[in-house]
Every structure is written in structure tokens, then in C-alpha cells.
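Hi everyone, thanks for coming. I've got a few minutes on one structure, so let's have it up on the screen.

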Amino acid sequence: MSNVLITTLGKGRRNEDGYVKTKYRLGENESRETPFIGQALIELIPEIDKVVVLGTTGSIWDAWWQVDETLLEKYADFLAMLSDKVQNEEEDVSALSELSDILSNHLRKDVECKYIPDGLDEKSQLDILQVIDGIGVKGDNVYLDVTHGFRHLPMIEMLSAFLQKNKYNIRHIYYGALEKSMDGVAPVIDLKGLLNLQEWIEAVAILNETDNVMTLARIPTMKDFRADLEQYQFFIQMNNVGNARGSANRIRGMINEGRLPPEGVLFKERLLKVFDWGADQEYAKRQLSQAKAAFAKGDYLRAIILLNEAVISSYVEDSRRVMDIDCRNEAADKLYKSNEDNWHILRRLRNSTAHDGMRNDRLEKKIKDIRRSRENFEKGFKELIKWAEHQVK
């Protein structure tokens with residue numbers, strides 16, 4: 001496992017002394033003056049043992065010599081050749097390979113200089129992502145610098161961090177904020193918090209699509225919520241409404257106490273809506289709501305089961321004992337003895353879907369028609385939902 005710095009070169013600005021330097025500060029007191037921030041980060045982060053330098057053909061590959069004049073003295077001819085290549089924006093892979101060897105020996109770190117395209121079209125943008133994808137190995141600690149280069153490159157590099165966060169351990173994402181310089185020193189800002197926000201965006205997208213909260217539970221900053229979120233999801237999957245309600249109440253309480261991490265506050269209203277049923281004592285209404293949500297997301301078997309349970313819950317005479325198995329059996333028996341076709345269709349639909357079996361009786365044709373196609377099922381199930389809504393009051 002390596003500690004890898006990925007840094008990008010821009011075109012740089014020149015004056016009579018060479019490339020214009022900027023003094024960068026990482027942390028409270030440390031600063032280094034260099035033509036590009038990667039040189040400063042190499043010195044300011046001692047644990048770095050591998051450096052990958054990305055740049056286009058016109059990037060300031062020859063700027064390394066402004067930091068250490070011994071390199072200029074030792075490799076004057078090579079520097080002159082490299083400067084010509086940069087000025088003419090001419091690609092020379094062998095020259096970049098030689099530069100990698102020179103810097104590796106000088107810095108006593110593994111240095112790899114790589115060309116990237118300019119990213120002006122979709123193909124070259126994807127090519128940049130592929131270059132970054134092939135830089136390290138799974139488990140590497142990565143420090144990503146997004147300061148230099150064309151203004152659209154930091155967006156591509158940030159996207160690469162989102163894509164690679166499961167492959168690499170993204171330790172920091174650095175940006176040297178020249179525009180925020182004070183007393184001639186530019187602060188180095190850490191943007192890693194945006195990775196946490198991306199995790200939230202992904203988790204809420206999955207929540208919206210599946211009603212599953214487990215991706216929220218896996219977010220590191222949600223450790224205080226993790227146990228209740230895992231329990232909530234377990235009870236929901238097991239159709240244990242009573243215990244799910246208890247977990248929902250605790251989660252909602254923690255949200256209202258202000259215990260969400262900063263990025264989670266952006267999704268507070270969405271989460272409160274998810275767990276709003278925690279205060280609802282009417283299990284039949286909640287089960288009906290869950291059945292509709294499952295149906296809308298294409299989870300048809302779960303929708304059938306929940307609609308079946310919602311109707312049974314509505315027939316339990318003592319609402320305080322709605323989860324009592326004997327009371328539920330009595331309610332189901334009452335429904336079974338009724339002459340209500342919709343109930344028998346719903347019950348049979350549940351059984352035939354769960355067990356993939358059919359009976360030969362007067363409702364056989366109706367069940368077969370519902371199961372014949374997606375269109376038929378959706379039409380028939382919508383009718384059953386309308387009927388259930390009249391039972392669940």
C-alpha cells in the first residue's frame with residue numbers, strides 16, 4: 001500500500017525569472033514557495049512515497065528546476081530540450097519517462113509523469129478518468145491536488161475521486177486558493193468533505209428508489225444512527241411494524257435533536273418524511289402506505305404482502321392488539337368467511353405469487369389474468385388498492 005500524491009500541472013505564468021511562484025500554506029504555520037502546488041505538497045506531506053504528475057503537452061514540465069538549481073546544473077541540455085517541447089506543446093513520451101526517472105532519483109520517491117488530454121470533449125474527459133483509474137492499486141492512500149490545469153480539470157478530478165473512493169482511501173483533496181491569499185500566502189483548502197456529501201447523494205438516491213436505509217447506515221459520519229437504521233431496515237424487511245416504529249421514533253428523535261452530520265442536514269426534511277410514521281399508531285394505514293410505495297417501485301411481491309396485511313390490520317377489532325397473532329388470525333378468518341371477492345383475490349394473489357401455484361376454482365381466471373403481464377398486474381392491483389383504501393379507515 002502506497003501513499004500517493006496525484007497532482008496536476010497547468011501552463012503557468014512567466015516573468016524574467018522564469019515561472020511565477022506562489023507561496024502555499026498547508027495547516028497553520030507551514031508554507032513553501034513554488035511555481036506549482038505539487039512541489040510544496042511533496043515537502044509538506046512527509047508520508048508521501050509516490051507522486052503522479054499529470055499534465056498536457058503545454059504544461060510546465062520544466063518548472064521543477066526552479067525549486068532546485070542543482071537539477072538545472074546537472075541536466076541543462078535535457079531542460080533546454082524539455083522547455084522547447086513545452087513551448088511548442090509537443091508530446092514526447094520518452095522525455096516524460098526520463099523526467100520521471102530524474103525526479104524519482106532526486107526526490108527519493110517513486111515519481112511518474114503522465115500526459116493527459118485537454119478534456120475538451122467527452123471522449124478525452126473519459127480518457128482522463130481512465131488514466132487516474134490506473135494510477136494506483138486497491139487500498140492505496142491517495143492525496144489529490146486539483147489546483148492547476150484548465151478550469152474544467154478540477155471538476156473531472158473531483159469526479160474521479162467520487163468514482164475511486166471504493167478503490168482508494170482518499171485522504172485529502174487539496175486546492176491551493178490563490179484568490180484567498182493573505183500577506184502573500186495562499187491557503188491550501190481541503191475539499192474532502194465533498195466526498196461525504198457525495199455519499200449522502202448516493203444514499204438518498206437509493207433510499208428514494210428502494211426505501212432501503214442501509215446505505216445511510218454505512219456512511220461513516222452516521223455512526224450514532226447506525227444501530228437504529230440497521231434495526232429499522234431489518235424490522236421493515238421482516239414486516240415487524242411494531243419494532244420498526246420504535247426504531248423510527250428513535251431516529252426521528254435524534255434528527256430533531258440536531259445530531260445529523262453537517263452534510264446530512266441538507267437532507268433533513270427528506271429523512272423526517274421517511275420516519276414520520278414513527279408517531280403513527282394506525283398500523284393499517286402505515287402498511288397501506290408501504291404497499292403503495294413498494295408497488296410504485298416495482299417491488300410487487302412485497303406490495304401484495306403489505307396490502308394483504310393492511311386489510312387484516314383494519315379488521316382487528318381492538319387496535320391496541322393489532323400485532324397480536326391471535327387477533328390477526330381472527331380478523332383473517334372473518335375476512336375469509338366474507339363474500340368479498342377482492343379479499344379472496346388479494347389473498348390468492350399473495351399465495352400464488354409467493355408459491356407460484358394456482359387453483360382451479362371460480363377465481364382462477366381472474367388471478368391468471370392479473371399475473372399474465374405487467375400491464376394486467378398493475379391495472380388489477382390498482383383496483384385492489386382502491387378497495388383496500390375503503391377498508392383501511
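I'll talk about a cavity and then some aromatic rings.

First, keep in mind that this is a predicted model.

Helix α3, residues 76-87, gives the largest share, three residues.

Lys85 sits in helix α3. Is Lys85 buried or exposed? Its relative accessibility is 17%, and buried means under 20%, so Lys85 counts as buried. Leaving out residues up to four places away in sequence, Lys85 touches Thr57, Glu90 and Asp92.

Now the rings. There are nine aromatic pairs by the count. In one of them, Trp61 and Tyr115 have ring centres 5.9 Å apart and planes at 80 degrees, so that pair is edge-to-face. The pair links distant parts of the chain, 54 residues apart: Trp61 is in the loop between β6 and α2, and Tyr115 is in strand β7. Trp61 is buried at 1% relative accessibility, and Tyr115 is buried at 18%.

Another pair is Phe295 with Phe381, and this one is tilted, with 5.1 Å centre to centre and 40 degrees between the planes. Phe295 is in helix α12 and Phe381 in helix α17, so the pair ties together parts 86 residues apart in sequence. Both Phe295 and Phe381 are buried, and together with Tyr300 and Phe377 they form one aromatic cluster.

Definitions and conventions
Residues numbered from 1 in each chain as written. Predicted model: local features only at pLDDT ≥ 70, side-chain atom pairs only at ≥ 80, totals over all residues. Heavy atoms only, no water. Helix = DSSP H or I, 4+ residues; strand = E, 2+ residues; numbered from the N terminus. Buried < 20%, exposed > 50% of the residue type's maximum accessible area, 1.4 Å probe, protein only. Contact = heavy atoms within 4.5 Å. Phe/Tyr/Trp six-rings, centres within 6.5 Å; stacked < 30°, edge-to-face > 60°.
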